[in-house]
Amino acid sequence: MAQYTRVSGSVGLITLQNPPVNALSAAVRQGIVDTVKRALGDPKVKSVVICGQNGIFCGGADIKEFGTNMSGPPLVPMIHAIEAANKPVVAAIEGSALGGGLELALGCHYRIAHSKARLGLPEVSLGLLPAAGGTQRLPRLIGVPAALDLITTGRHVTAAEALQLGVVDRVAEHSTVDAAVKFALSVAAKSLDARRISTYPCPRPSDFDALFEGAMQKVRQSARGAIAPVACVQAVRAAATRPYLQGMEREKELMATLFTSGQARALQYCFFAQRAVSKWNMPNGARWDTSKPRPVHKAAVIGLGTMGRGIAVALAQTGMSVVAVETQEKQLMEAKQAVSGMLERGAKRRGLTPAALHKISYSHDIQAVADVDLVIEAVFEDMALKKKVFQQLSAVCKPGTFLCTNTSALDVDHLASQTRNPELVVGMHFFAPAHVMKLLEVVYGPQSSPQAVATAMQLGKKMGKVSVAVGNCRGFVGNRMLKPYIEQAFFLLEEGATPELVDRALEEFGFPMGVFRMSDLSGLDVGWRVRKGDGLVESGSASGQPTRLREGRRYSPLGDLLCEQGRFGQKTGRGWYQYDKPGSRVARSDPWFHSFLEEYRARHGLVARRIDHQEVLERCLYVLINEGFRILEDGIAAGPEDIDIIYVFGYGWPRHRGGPMFYAGMVGLATVLERLEHYRQAHPDVPYLQPCSLLRRLVASGSPPVHRWREVIKKLHSQL
Ligand SMILES: CCCCCCCCCCCCC[C@H](O)CC(=O)SCCNC(=O)CCNC(=O)[C@H](O)C(C)(C)COP(=O)(O)OP(=O)(O)OC[C@H]1O[C@@H](n2cnc3c(N)ncnc32)[C@H](O)[C@@H]1OP(=O)(O)O
């Protein structure tokens, strides 16, 4: 809807009304068409202001409409009518003007933004391009290089930057609507000839070809197979090479391709999934909207290794007081230096003074945490050590302090049982580097109170994380699904693949790094330690022949054998690949590993066969997806969105493929099931390949779309 009033005698004020972000739904578009017509037809009205209610101009087209039969007046002619108006139209931008919202403003003759407003064309992150004239008007207004930057990255700019770029004409400090009305009065009689952006020539940069080649190269590199950024470059190029109306035709044509693509569906799914996961619920019925978080003014981190340091930085950057505890004096001094460096660099990047530096106090004494509201334990991944820390914390902390663990796999309930108040204990599983990575798994156990979960979720949000609440099990969601994925990659090596082949297949799929390059980066010793703890590692260096079965299940000792040789990955300069020196990041194929692999196969009587990319993808990804279905079946994740967001934000799953569970739906659940059955038959000693019953059930119920899986899961749980 849009509301119309006449103010200050001669200004028609149009207010967009569609909470919460005034998205341009059919009703809003109709409202704009009607009210603009009314204003233009009213002889008393000399100029017009368009604003949005509740302090937000407009969040763009209504994304929820995209999957439906769209009705109502289309955006492009609506914006053209505004631009063609014979009375000045001023956009009063408060809050956000994004996507179609900014395109609407670009159709106006003047734009005034509040100093706190943000503007942008983020369509690319939804798999689209700004198709209401944005790709044609913006380059005409601010030049090709700046428009290319904004349109291909989708980044939001502040009002100050928008003013500097020329996107807006003025910035208001107080009431933007009042300023816009005053301005509208002042320009009422002025000619509009020079105010219609579509009539501007598009400035042609001197380095035209190089500029577009560079832009195309950049998006191809960073997009990892995403098609929207490429289409954005093509659309802007059309603005620079064609007359406006022809450019608009090109914009429409490119949009039509994107609009119906699976990538747009996947990215729009991610947009809503990211918001859905904040609306968490627990199997006991506790929910986000009925559980009140407690404020955290002061927090502590115990253990200042890599993770603890990152967590301390993330906490301090929220502005709260932080106590950082490390019992080893040398480690404490090193950590202090490292944390200060990270905070200084972070502040410099954001053009701020490193105020957070003074928010951290350091201590080697756990007593220093006595008065904090929340503690995050980040000591070495060892149950005995963590148990001891939790016992100490329970004795030292003031009553009501939330005790959180950053364990990546250990039993949160077991740690809770070491404390006097297990209801105050939750997992806060950060991802390295903790001050950079956006994902946080908040792990609740049967005893965790809804308030503890709500507090951890809110703290995550304050730290700028995408927090997902998950149940307690070995590896929680992310690492639990990673295990069968890595296992398949090892098996593929045994059967004839190379690390290069497996990684290439996964990287072409869109992962930033394949499984072996990732393993080299994170350190082979991490998994080795876990496997040793599980009693899986048999020393093979003496005989060269550790067995390939553990309790009847296929097992590959390849990773163990490399670790026995001290090949821990990048940090030792050798792993699945070789590196110029320890710590170097450029992976090179390692002839030593290739002959080692051949000898290994020969020793075990394995005959290498040709493995193609499709087999790599099917085996690695479908087994991971299968575990995702088990996680849903077990109630560890509340819905497929939770799993997908964890994989997109924490594990490099390409966003334009929507996350593993969404991807399974795109491939077809029946296909995933059939391929798993096929591979299970070929590898009967690999239980992870056994299709899980939820997958079978979904296929049997006609493979419903991903947003309807929860109904099937609910039914399944009610029957258990
Ligand atoms: C054969 C086929 C031919 C095809 C031709 C097709 C032609 C179609 C013509 C289309 C013309 C193109 C027009 C335009 O170029 C396209 C667009 O505009 S796409 C949309 C671009 N806008 C965005 O990407 C902005 C998205 N929103 C945000 O970034 C944020 O929401 C915000 C505005 C910055 C506000 O942030 P917050 O305050 O943190 O709030 P939330 O993010 O939590 O959001 C609150 C609530 O609102 C919902 N929501 C937000 N934006 C939209 C939206 N644009 N549409 C619908 N709903 C939106 C969000 O989901 C939350 O919902 P809740 O979780 O509360 O239910």
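Which polar side-chain atom lies 2.8 Å from an oxygen atom of the ligand? That one belongs to Lys279.

First, some housekeeping. This is a predicted model, where local features need pLDDT of at least 70, side-chain atom pairs count only at pLDDT 80 or more, and totals for chains, interfaces and linings use all residues. Residues are numbered from 1 along each chain as its sequence is written, and side-chain values use heavy atoms, with hydrogens and water left out.

**Around the ligand**

Here are the polar contacts, meaning pairs of N or O atoms within 3.5 Å.

| Residue | Protein atom | Ligand atom | Distance |
|---|---|---|---|
| Lys279 | polar side-chain atom | oxygen | 2.8 Å |
| Gly59 | polar backbone atom | nitrogen | 2.9 Å |
| Ile63 | polar backbone atom | nitrogen | 2.9 Å |

On its own the ligand exposes 1,300 Å², and the protein buries 69% of that (Shrake-Rupley areas with a 1.4 Å probe). The shell around it holds 27 residues, with Gly100, Glu103, Glu123, Arg275 and Lys279 the closest; a residue is counted if one of its heavy atoms lies within 4 Å. By type, the shell splits into 16 nonpolar, five polar and six charged residues. In that scheme Ala, Val, Leu, Ile, Met, Phe, Trp, Tyr, Cys and Pro are nonpolar, Asp, Glu, Lys and Arg are charged, and the others, Gly among them, are polar.

The top contributor is α11, with three. Helices here are DSSP runs (H or I) of at least four residues, and strands (E) of at least two.

**A loop residue**

Arg242 sits in the loop between α9 (228-241) and α10. Its relative accessibility is 34%, so Arg242 counts as partly exposed (between the buried limit, under 20%, and the exposed one, over 50%). Arg242 and Thr153 are 89 residues apart along the chain, and their C-alpha atoms are separated by 23 Å.

**Cysteines**

Searching the whole structure turns up zero disulfides, a disulfide being a pair of cysteine sulfur atoms within 2.5 Å. For Cys397, the nearest cysteine sulfur is that of Cys404, 10 Å away. Cys397 is buried, at 11% relative accessible area.

**Domains**

The domain assignment, automatic or from a database, gives domain 1 (2-260), domain 2 (298-472), domain 3 (497-604) and domain 4 (613-718). Between the C-alpha centres of domain 2 and domain 3 there are 32 Å.

Conventions
Polar contact = N/O pair within 3.5 Å; in protein donor to acceptor, adjacent residues only side chain to side chain. Buried < 20%, exposed > 50% of the residue type's maximum accessible area, 1.4 Å probe, protein only.
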